[in-house]
Amino acid sequence: MQDENGSLLANHHDKEFLLWQAFEERIGTSEFSGFAFDIEFFKNSVDFPQDLELDFRETEIDNVVRNLPNDKSPGPDGFNNEFLKKMLANHQN
């Protein structure tokens with residue numbers, strides 16, 4: 001590996017530093033300038049916070065499954081969305 005002057009780099013630390021510099025140049029850096037939205041609005045947007053602790057209703061889960069996109073890769077369990085939708089339809093019949 002060579003640096004910008006053509007010097008060969010032999011030790012790990014120098015190679016690591018060169019790669020990190022190249023990465024920073026390509027990606028760039030940014031400075032945090034604050035939130036662009038009112039975080040307090042989101043913290044206080046629930047009228048009844050106790051509702052957040054309620055169990056999911058079966059209809060809520062069914063609606064989520066119905067709205068899943070098709071033609072997606074199977075998840076870690078091996079089931080794709082079409083399978084889940086078919087099972088939901090069979091369950092409702």
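Helices here are DSSP runs of H or I with at least four residues, and strands are runs of E with at least two, both numbered from the N terminus. By that rule, Asn81 is found in helix H4. This is a predicted model, where local features need pLDDT of at least 70, side-chain atom pairs count only at pLDDT 80 or more, and totals for chains, interfaces and linings use all residues. Residues are numbered from 1 along each chain as its sequence is written, and side-chain values use heavy atoms, with hydrogens and water left out.

Is Asn81 buried or exposed? Asn81 has 14% relative accessibility, so it counts as buried (buried is under 20% relative accessible area, exposed is over 50%, and partly exposed is in between, with a 1.4 Å probe and protein chains only). Setting aside neighbours within four places in sequence, Asn81 is in contact with Leu68, Pro69 and Lys72, where contact means heavy atoms within 4.5 Å.

## Glu82

Glu82 also lies in helix H4. Glu82 is partly exposed, at a relative accessible area of 28%. Once residues up to four places away in sequence are left out, Glu82 touches Asn70 and Asp71. Take Asn70: it sits 12 residues from Glu82 along the chain, and their C-alpha atoms are separated by 6.2 Å.

## How H3 and H4 pack

Now for the helix pair. Helix H3 (residues 58-66) packs with helix H4 (residues 81-92) at an angle of about 140°, and their axes are 9 Å apart. Axes are lines fitted to C-alpha atoms, for helices over the stretch in contact, and angles run from 0 to 180 degrees between N-to-C directions. The two helices are therefore oblique to each other (under 35 degrees is roughly parallel, over 145 roughly antiparallel, 65 to 115 roughly perpendicular, and the rest oblique).

Which residues meet? From H3 come Glu58, Asp62, Val65 and Arg66, and from H4 come Leu84, Lys85, Leu88, His91 and Gln92. The residues of this contact divide into 3 nonpolar, 2 polar and 4 charged (Ala, Val, Leu, Ile, Met, Phe, Trp, Tyr, Cys and Pro count as nonpolar, Asp, Glu, Lys and Arg as charged, and the others, Gly among them, as polar).

## Aromatic pairs

How many aromatic pairs does a search of the whole structure find? There are 2. One of them, Phe79 with Phe83, is stacked, at 4.5 Å centre to centre and 10° between the planes. Rings of Phe, Tyr and Trp (its six-membered ring) pair if their centres lie within 6.5 Å; planes under 30 degrees apart are stacked, over 60 edge-to-face, and the rest tilted.

Phe79 is partly exposed at 39% relative accessibility, and Phe83 is partly exposed with a relative accessible area of 32%.
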